[in-house]
Amino acid sequence: MLRLVRNAEVFAPEPLGKRDLLIADRRIAAIAPQLPRLPQAIPHEEIDLAGLCLCPGLVDAHVHLIGGGGEAGPSTRVPPVSLTQLSTAGITTVVGVLGTDGTTRSVADLVARTLGLRDEGLSAYCYTGSYQLPVPTLTGSVRGDIVFVDPVIGVGELALSDHRSSQPTLDELLRVAADAHVAGMISGKAGIVHLHMGDGPRGLDLVRRALEHSEIPPRVFHPTHINRNRRLFAESGELVARGGYLDITAFPPEEDPGDSLSAAEAIARWLHAGLPPDRLTCSSDGAGCMPVFDAHGHICAMDIGRPATLIATIATLLAEGLPLARFLPIFTRNIADLLRLSHKGRVAVGADADLAILTPDGQVSAVMARGSWLVRDGRPVVFGPFERSSA
């Protein structure tokens, strides 16, 4: 069905003002201050969005689609993510990861869930690998997975500076990055290495050394969780100056954040410091386990990442007075560009009709993915096959 969206305040993510959009064949067919009415003989839907903001659907590049956790035994494995957990958070494109557990969970299972979410209406991709080395794969090699497995666009989340990592050497990191980079060239995919950064004192040292001692482009390394402590956040300026991208995690709110920065605080600091706004991304770590360890490596507290923290971060930034256009690319176009998804993260003629309709204070009113409504009036209208029966 053709859809004619009228009177929306459009952020593409740059502000365009009030515009009408014509949606056809899952894409944006036209944008204008005022589009003509369609003949009644042509089946179509017309909706007035006066008073609402129309933005690109959010791109979340770090979600544990089949669940994370398990660091305190099998009972602490986090359940998989549902369609509506993503759609009601304004997310229309998602990238799945494996974390600590690449043993009881597999790349095959992650790929299957990624394809399942595509069937349910989202645009979904995934990384091969997990925290560990050698990298667990589906075909037997990083290059094979990226080149031959459609949803696989890179490697992740490979752990650095963390007691749960495989303690990779510089040569090992470079070998994985080289395979990802060349596979991306061959396949036309992102070919990045999405790096879990832990609390260890080495911080980003291994990434800096990789850039100093190789010809691999800085964009290949995409460190995440850089707001987990202030020292790591401070280090990130040097890496972005080399042309790299950094990823902030929208951690759940904490009573005592300790040395960490909330996503909203980290984004505000980044922008106020004059760091390159097009080199920062933000992800949710949805369904990831967020344990707190003591000095002996034992878990003493645990929380779970939630996809909704992305839109909550947007609402917080708006409440603090930052204009939407100033930070919206961090959740949309920046990550789409890094992942080489040129048809995502923007409102433009020819782009995919992935749209988040927001109230002025940043609440989700409606979500369209690939031209179909997933959320209307703040409520999901499309559900995963097992969601209703378990509700």
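This is a predicted model: local features need pLDDT of at least 70, side-chain atom pairs count only at pLDDT 80 or more; totals for chains, interfaces and linings use all residues.
Student: How do you know that the count of disulfides comes to zero?

Tutor: A disulfide needs a pair of cysteine sulfur atoms within 2.5 Å. For Cys55, the closest cysteine sulfur is in Cys53, at 5.8 Å, so that pair is too far apart for a bond. For Cys282, the closest cysteine sulfur is in Cys55, at 15 Å, which is also too far. By this rule, the count is zero.

Student: Why is Cys55 called buried, and what makes Cys282 count as buried?

Tutor: The word buried is kept for residues under 20% relative accessible area. Cys55 has 1%, so Cys55 is buried. Cys282 also has a value of 1%, and therefore counts as buried.

Student: Let's turn to Ser82. Where is Ser82 found, and why does Ser82 count as buried?

Tutor: Ser82 is found in the loop between β6 (58-63) and α1 (83-87). Its relative accessibility is 18%, and the cut-off for buried is under 20%, so Ser82 counts as buried.

Student: What makes the pairing of Ser82 and Glu387 a polar contact?

Tutor: The distance limit is 3.5 Å between N or O atoms, and the side chains of Ser82 and Glu387 are joined at 3.1 Å. Once neighbours within four places in sequence are left aside, Ser82 is in contact with Arg113 and Glu387.

Student: Which residues is Arg19 in contact with, leaving aside its neighbours within four places in sequence?

Tutor: Val5, Arg6, Asn7, Ala8, Val10, Ile31, Ala32 and Pro33. The C-alpha atoms of Arg19 and Arg6 are separated by 6.6 Å, although these residues are 13 apart along the chain.

Student: What is the phi of Arg340, and why is Arg340 called partly exposed?

Tutor: Arg340 is not a glycine either, and its phi is positive, about 60 degrees. Its relative accessible area is 39%, and that lies between the limits of 20% and 50%, so Arg340 is partly exposed. Arg340 lies in the loop between α10 (333-338) and β16 (355-358).

Student: What makes the peptide bond from Ala12 to Pro13 worth a look?

Tutor: That bond is cis, with omega near 15 degrees, and most peptide bonds are trans. Pro13 is found in the loop between β1 (2-11) and β2 (15-24). The bond from Leu133 to Pro134 is cis as well, with omega near -5 degrees, and Pro134 lies in the loop between β8 (123-128) and α3 (142-148).

Student: Which residues of helix α5 are buried, and what do they pack against?

Tutor: In α5 (residues 205-212), the buried residues are Leu206, Val207, Arg208, Ala210 and Leu211. They pack against the helices α4 (170-187) and α6 (230-241), and against β9 (152-160), β10 (192-197) and β11 (221-224).

Student: How big is the second largest pocket, and which residues are the closest to its centre?

Tutor: The volume of the second largest pocket is about 300 Å³. Its lining has 16 residues, of which Phe251, Pro252, Pro253, Ser262 and Ala263 are the closest to the centre. By class, that lining holds nine nonpolar, five polar and two charged residues.

Student: Which helix gives the most to the lining of the second largest pocket?

Tutor: That is α8, with four residues. Both α7 (263-272) and α8 (309-319) supply at least two residues each. Buried in α8 are Thr309, Leu310, Ile311, Thr313, Ile314, Ala315 and Leu317. After α8 comes Gly321, whose phi is positive, near 95 degrees.

Notes: Residues are numbered from 1 along each chain as its sequence is written. Side-chain values use heavy atoms; hydrogens and water are left out. Buried means under 20% relative accessible area, exposed over 50%, partly exposed in between (1.4 Å probe, protein chains only). Contact means heavy atoms within 4.5 Å. On a 1 Å grid over the protein atoms alone, a cavity is a set of points where a 1.4 Å probe fits but cannot get out, and a pocket is an open set with protein on both sides within 12 Å along at least five of seven lines; lining residues have an atom within 4 Å of a point. Grid points are joined across faces, edges and corners, and a volume is the space filled by probe spheres set on the points. Ala, Val, Leu, Ile, Met, Phe, Trp, Tyr, Cys and Pro count as nonpolar, Asp, Glu, Lys and Arg as charged, and the others, Gly among them, as polar. A polar contact is a pair of N or O atoms within 3.5 Å; within protein, one must be able to donate a hydrogen and the other to accept it, and residues adjacent in sequence count only if both atoms are side-chain atoms.
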